[in-house]
Amino acid sequence: MTDEDGQFYLKANQTAVFYGIPAGTVYSVSEVKESGYNQVIPNASTGYTDKVVADNVEVLPFVNEPSPAGMLTVTKVLDITGGVVPNAEDVFTFILYESVEVEQDEEVGEPIYEYVPAAGKVYSVTVGASTYTYSTDEDGKFTLLANQTAVFEGLNNGLYKVEECEEGEDGLTIEYSLETVERTDADGTVLWQTEQTSGTGTAAGGNSSGSAGGTEDPTKEEAECGTLTSEGLTYIFTNAYKACGVDLYLMKKSGDGTALNGAEFMLYYDQALQNPVSTEPYVSGSYVNVESASVDGMISIEDLQAGTYYLVETKAPQGYSLLSEAICIGIVRTAQGFEITINGEEYTEDASTIVGELNITGEEGNEILYLTVYNHKLLPIPMSGSAGSYITLILGLALTLTAVWKALSMTRGKKQRSK
């Protein structure tokens with residue numbers, strides 16, 4: 001039975017027969033265009049119009065053929081912040097899904113689809129003047145490097161979904177975050193953006209079957225789902241990249257382990273101590289922890305990138321001596337994280353325990369370098385006129401007299417030998 005809009009549904013090779021329509025009734029029949037198919041018969045997109053019911057049975061054939069297959073492309077783009085270029089060999093993993101009909105919605109007579117991994121689908125990636133061919137694995141997964149595009153040709157037209165793996169073994173590292181998903185098909189463009197990027201998703205164009213083209217605030221999944229037609233289906237995934245660094249937490253202590261405030265340090269990029277990380281000194285006791293409480297003796301210098309640094313004490317706490325030499329801190333980025341050296345020696349401090357004890361905060365994903373710098377007390381210098389000054393004077397005279405006595409003894413010995 002037709003619905004309130006006069007619509008009815010057929011699968012391939014099915015026939016609908018209508019009974020009880022009075023002779024002489026004028027009617028029209030047209031087919032709603034189905035994605036992935038072109039109508040061949042009748043030629044007119046309006047179907048059969050101004051037909052009249054007669055006593056005989058009239059057959060109105062609708063013949064469709066698959067639309068020419070379009071290309072589905074997936075491109076990976078990076079939005080780099082902080083000035084540190086990522087590893088060119090970092091791999092990004094995606095999953096291609098295709099739609100399959102699982103059941104029929106009896107209320108509206110439309111099929112219900114679900115997305116399943118599209119295994120064994122061939123795609124190509126062009127690098128320079130060379131093009132390489134691959135295929136998705138059994139889970140529909142495929143990989144790209146930054147600024148590469150996967151081109152799928154020969155896919156049947158229909159509904160597809162592409163998502164980037166963000167978590168798990170194939171997911172993004174802490175330095176990457178998914179920023180936008182832009183999908184363009186025959187019905188327009190849908191752009192999903194993270195809240196950090198724009199505060200809301202945006203969309204342009206008309207509705208796409210299985211997608212949210214035209215909605216004011218598309219979800220990420222709506223941007224991932226699109227319709228492949230002869231006009232193609234494109235995806236652009238943009239990741240924000242910010243290199244992780246090393247957070248330096250410096251504790252200033254006396255020889256007996258007492259935390260010392262008021263020491264000042266400068267950190268330099270060069271051994272000549274001409275290029276400072278900050279023009280302002282770092283002062284011990286200035287660090288404020290997660291509980292908004294200052295920590296005696298502590299300094300924090302966060303988000304240091306790979307390189308060599310020179311830490312110099314420029315002012316010691318009152319009554320204490322300055323460090324005699326700069327501390328050389330080496331930071332090397334590796335595939336596993338960072339390798340850190342202090343004055344050429346590998347750093348092996350168990351930072352995780354220290355972090356827990358001190359409630360340290362820092363850049364998420366950064367490694368933590370914890371150093372303790374000890375100062376030793378200066379020897380007391382007596383004030384003029386004090387008892388100490390007389391003791392110093394007596395000791396000085398005694399040393400002078402001893403030196404004179406030795407000189408005289410050496411002179412006498414020479415005279416005796418000359419005789």
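# Exercises on strands and surface

Strand 18 (residues 246–254) and strand 26 run parallel and are joined by nine bridges. Strands here are DSSP runs of E with at least two residues, numbered from the N terminus, and two strands pair if DSSP finds at least two bridges between them. The model is predicted: local features need pLDDT of at least 70, side-chain atom pairs count only at pLDDT 80 or more, and totals for chains, interfaces and linings use all residues. Residues are numbered from 1 along each chain as its sequence is written, and side-chain values use heavy atoms, with hydrogens and water left out.

**Exercise 1.** Describe the pairing and the cover of strand 13 (residues 176–185).

*Solution.* 
1. Strand 13 runs antiparallel to strand 17 (residues 233–242), with eight bridges between them.
2. In that pairing, Ser 177 has Ala 240 of strand 17 as its bridge partner.
3. Strand 13 also pairs with strand 14 (residues 188–193), antiparallel, over six bridges; a hairpin of two residues links strand 13 to strand 14.
4. Asp 185 is opposite Gly 188 of strand 14.
5. Seven of the 10 residues of strand 13 are buried, which leaves this strand mostly covered. Buried means under 20% relative accessible area, exposed over 50%, and partly exposed in between (1.4 Å probe, protein chains only).

**Exercise 2.** Is Ser 124 buried or exposed, and which residues does Ser 124 touch?

*Solution.* 
1. Ser 124 belongs to strand 8 (residues 122–127).
2. Ser 124 counts as buried because its relative accessibility is 16%.
3. Not counting residues up to four places away in sequence, Ser 124 touches Thr 131, Tyr 132, Thr 133, Thr 149, Ala 150 and Val 151; contact means heavy atoms within 4.5 Å.

**Exercise 3.** Locate Leu 10 and state how exposed Leu 10 is.

*Solution.* 
1. Leu 10 is in the segment before strand 1 (26–29).
2. With a relative accessible area of 45%, Leu 10 is partly exposed.

Notes:
Helix = DSSP H or I, 4+ residues; strand = E, 2+ residues; numbered from the N terminus.
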